[in-house]
Amino acid sequence: TAWLFSVKFSTNIIRPLKEMIRVAEEISKGNFSENFQIKSPDELGQLGNALNFMSVKLKKTLDELDDRTTKMEAILSSLIDGVIALDSCGKILLANPMAEKMFNISAKSVAGRHLIEVIRNYELNEFVSESLKTGNTSFKELVLLPKDQIFRVHISPFRDAGGNILGVVTVIRDITQLRKLEKMRSDFVANVSHELKTPLTSIKGFVETLLDGAYK
């Protein structure tokens, strides 16, 4: 009797449990093709069905996340602006190719490092810290040495479902050339005005002389 009970226990309980453990280990490795094959109407059968259902749902969720990640990477790579995402501590989560080019960095090597370690600009770091504290979306222009590059920086916090700030997304546009062109235009207008001032003054004096009766 004891022997029969032992065989029945091993067949009905131990073997299904080992099979579930094996399937769970395969799922943890990312192999979702393995399913719990032992069918029974008891609690073990229900647990096995739940395990199979969880495996299908988990694979679907991971596939959707992979798809979203691929799309996000494609979008970030196509942007002409630099994008740097930071966590609530000011540590870099990701940087797009344009940001890598702007600051001569590698996204992989800077991930997890604090912004001030990577881009040594106190004003930029303070701007990020202020946005993390207040939760406000804002922008400003910053000059980064030693190349005197002028950047327009737009910062927008992102939050969890409860409204807590998880970090910020920093969008950076290099407007150095734009500002140089604006200065050239301003200088040109100032120079033209200066060059015209002398002849205009002479003409004005000549007209006033004529009006005073010199033409009689």
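1. In this predicted model, the side chain of Asn96 reaches the backbone nitrogen of Ala99 at 3.0 Å. The side chain of Asn96 also reaches the backbone oxygen of Asp81, again at 3.0 Å. Asn96 itself is found in the loop between β2, residues 92-95, and α3, residues 97-103.

2. Is Asn96 buried or exposed? Its relative accessible area is 1%. Because buried means under 20% relative accessible area, Asn96 counts as buried. Leaving aside residues up to four places away in sequence, Asn96 touches Leu76, Leu79, Asp81, Gly82 and Val83.

3. Met102 lies in helix α3 and is buried, with a relative accessible area of 14%. When residues up to four places away in sequence are not counted, Met102 touches Gly82, Gln149, Phe151, Ile172, Arg173 and Asp174.

4. Asn121 is found in the loop between α5, residues 115-118, and α6, residues 122-134. A polar atom of the Asn121 side chain lies 2.7 Å from the backbone nitrogen of Leu124, and a polar atom of that side chain lies 3.2 Å from the backbone nitrogen of Glu123. Asn121 is buried, with a relative accessible area of 10%. Not counting residues up to four places away in sequence, Asn121 touches Ile116, Val143 and Leu144.

5. Helix α2 comprises residues 43-78. How far apart are the end C-alpha atoms of α2? They are 52 Å apart; this agrees with expectation, because the 36 residues of α2 should span 52 Å at 1.5 Å a residue. The buried residues in α2 include Leu44, Gly45, Gly48, Leu51, Asn52, Ser55 and Leu76.

6. Leu58, Leu62 and Leu65 make a nonpolar surface patch of about 220 Å². Leu62 is found in helix α2 and has a relative accessible area of 34%. Because partly exposed refers to values between the buried limit of 20% and the exposed limit of 50%, Leu62 is described as partly exposed.

Definitions and conventions: Residues numbered from 1 in each chain as written. Predicted model: local features only at pLDDT ≥ 70, side-chain atom pairs only at ≥ 80, totals over all residues. Heavy atoms only, no water. Helix = DSSP H or I, 4+ residues; strand = E, 2+ residues; numbered from the N terminus. Buried < 20%, exposed > 50% of the residue type's maximum accessible area, 1.4 Å probe, protein only. Polar contact = N/O pair within 3.5 Å; in protein donor to acceptor, adjacent residues only side chain to side chain. Contact = heavy atoms within 4.5 Å. Patch = residues over 30% accessible without salt bridge, like charges linked within 9 Å, V, L, I, M, F, W, Y side chains within 5 Å. Areas by Shrake-Rupley, 256 points an atom, 1.4 Å probe, with all protein chains shown as cover. Salt bridge = Lys/Arg side-chain N within 4 Å of Asp/Glu carboxyl O. Expected span 1.5 Å × (residues − 1).
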